Amino acid sequence: MPATMILGAQWGDEGKGKIVDLLAARMDAVARFQGGANAGHSVVVDGRTVVLHQLPSGVLHPHCRNLIGPGCVTDPAALLREIDDLRPVVGDLGPTRLLVSANVHLVTPLHRWFDVMQGEAIGTTGRGIGPCYTDKVARAGLRLGDLLGSDPGPRLQEHQERFEALARAFRLPPPPAPERWQPAFREAVAALRPVAGDVAGAIREVDQRGGHLLLEGAQGTMLDLDHGTYPYVTSSSTTVGGALSGIGCWVELDRRIGVAKAYATRVGNGPFPTELTDALGEEQRRRGREYGATTGRPRRCGWLDLPLLRQACLVNGFNRLVLTKLDVLTGLPTVRVATATDADGRPIYTDLPGWTDPLAGLTRRDQLPAACRAFLAFVEERLELPLAAVSVGPDRQETIVEETLWH
Ligand code: GDP
Ligand code: IMO
Ligand code: MG
């Protein structure tokens with residue numbers, strides 16, 4: 001079946017949520033395929049901001065089914081809270097609108113506890129993602145379907161003992177006692193029963209109806225476990241391979257859309273060649289409101305890095321690019337772009353003229369200031385990739401859309 005894939009091309013927070021929401025208007029289903037509550041995808045409609053963590057960014061469209069694929073990790077209580085919090089905005093998310101794969105691995109309070117204890121060096125989000133995927137790979141994880149299918153007691157007991165042993169081995173204080181978390185956890189798992197099921201089967205149904213599927217990436221290419229800036233990465237496959245594996249069936253990814261900011265940000269530790277550690281970086285953070293949607297941490301800011309984007313294109317086979325937050329660059333006398341890397345791995349920059357006219361309200365590319373258009377043409381030419389859309393503000397409306405976004 002034909003499908004569209006939207007992935008972050010940098011270190012996350014590229015504006016994927018906004019673009020997925022925009023495209024979801026014409027989609028029958030949106031599927032997340034990796035990650036969990038570490039994601040924070042902001043969608044702004046008519047000035048109202050909705051931040052999604054575990055739910056796919058199709059939830060604002062009532063006709064669209066939202067799928068959480070088997071490659072994801074699910075924090076049951078946090079997911080229920082998210083569904084509750086969103087009810088006034090999106091209504092009820094019952095089984096016709098939401099399906100969680102029975103094969104997702106569950107994030108427990110012990111995973112979160114261990115993440116907080118151990119995650120500082122990487123600067124994780126503390127949502128238990130690494131420890132949960134670690135258990136999955138160690139074949140010691142807790143899958144939703146398994147806990148729904150039989151008495152979860154023995155599995156939770158084993159899980160408790162595993163973390164007590166880890167605490168001893170790492171000389172940590174003991175993890176939360178079972179009575180402090182297991183009753184609420186069991187209740188939350190049971191509450192997911194109506195929406196638990198077979199995601200690949202649901203995708204087949206969409207296909208049989210001639211519908212269209214959108215695969216929504218979380219995090220970004222440079223946070224991919226295999227292809228990112230290891231070890232400063234997340235613990236899942238955020239790239240094209242992870243997309244197919246994480247939904248559990250073959251689809252033709254005919255539209256492969258990379259989303260990048262017109263500059264670069266990173267939250268957490270790890271290499272960032274074009275980082276601005278000076279006042280200009282501060283200014284970019286202020287103008288772009290670069291604070292994490294999940295943890296509120298200030299994001300590190302820097303210039304657009306084309307060698308890094310070229311790498312993201314190579315990994316994912318992008319055939320379209322969406323550039324976001326172009327408006328944040330307005331007013332800079334010069335816009336810098338890293339175009340190559342020197343022998344020591346340092347970026348080599350090209351300086352392009354900036355623009356001063358605000359971009360708000362513009363709906364066509366030919367309305368943009370000439371210097372801004374030249375910047376876009378430069379990026380397209382250097383990446384040999386057409387721009388399918390340009391985002392000039394956070395709201396759904398504030399987007400310059402080309403026909404190639406839809407076809
Ligand atoms: P995601 O994780 O990739 O979905 O991105 P986030 O939602 O975490 O971060 C992107 C932030 O930038 C959000 O606060 C968006 O509302 C905002 N945003 C998206 N596109 C634009 C844009 O074109 N201009 C501005 N100023 N903000 C944008
Ligand atoms: P979205 O989907 C930006 C970063 C963390 C940390 C590293 C590992 O909103 O783009 P983890 O908690 O996943 O084990 O943390 O990855 N990170 C993100 N950075 N956006 C995200 O998600 C992120 N999810 C994780 O800051 O450096
Ligand atoms: Mg985000």
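The structure is a predicted model. One sheet is open and has three strands; another open sheet is formed by 10 strands. Pairing is mixed in the three-stranded sheet, and the pairing of the 10 strands is mixed as well.

**The sheet of three strands**

- The strand order is β14-β16-β17.
- Its edge strands are β14, covering 304-305, and β17, covering 347-353, and each of them pairs on one side only.
- Strand β16 spans residues 334-341 and is joined to β17 by seven bridges.
- β16 and β17 run antiparallel.
- Val335 has Leu352 of β17 as its bridge partner.

- Helix α11, made up of residues 306-316, lies across β14 and β16.
- α11 runs at about 60° to β16.

**The sheet of 10 strands**

- The strands follow the order β9-β7-β5-β2-β10-β1-β11-β15-β18-β19.
- At the edges are β9 (196-197) and β19 (399-401), each pairing on one side only.
- Within this sheet, β2 (residues 29-32) and β10 (residues 213-216) run parallel and are joined by four bridges.
- Val30 stands opposite Leu214, a residue of β10.

Definitions and conventions: Residues numbered from 1 in each chain as written. Chains lettered and ligands numbered in written order. Predicted model: local features only at pLDDT ≥ 70, side-chain atom pairs only at ≥ 80, totals over all residues. Heavy atoms only, no water. Pairing = 2+ DSSP bridges. Helix = DSSP H or I, 4+ residues; strand = E, 2+ residues; numbered from the N terminus. Contact = heavy atoms within 4.5 Å. Axes fitted to C-alpha atoms, helices over the stretch in contact; angles between N-to-C directions.
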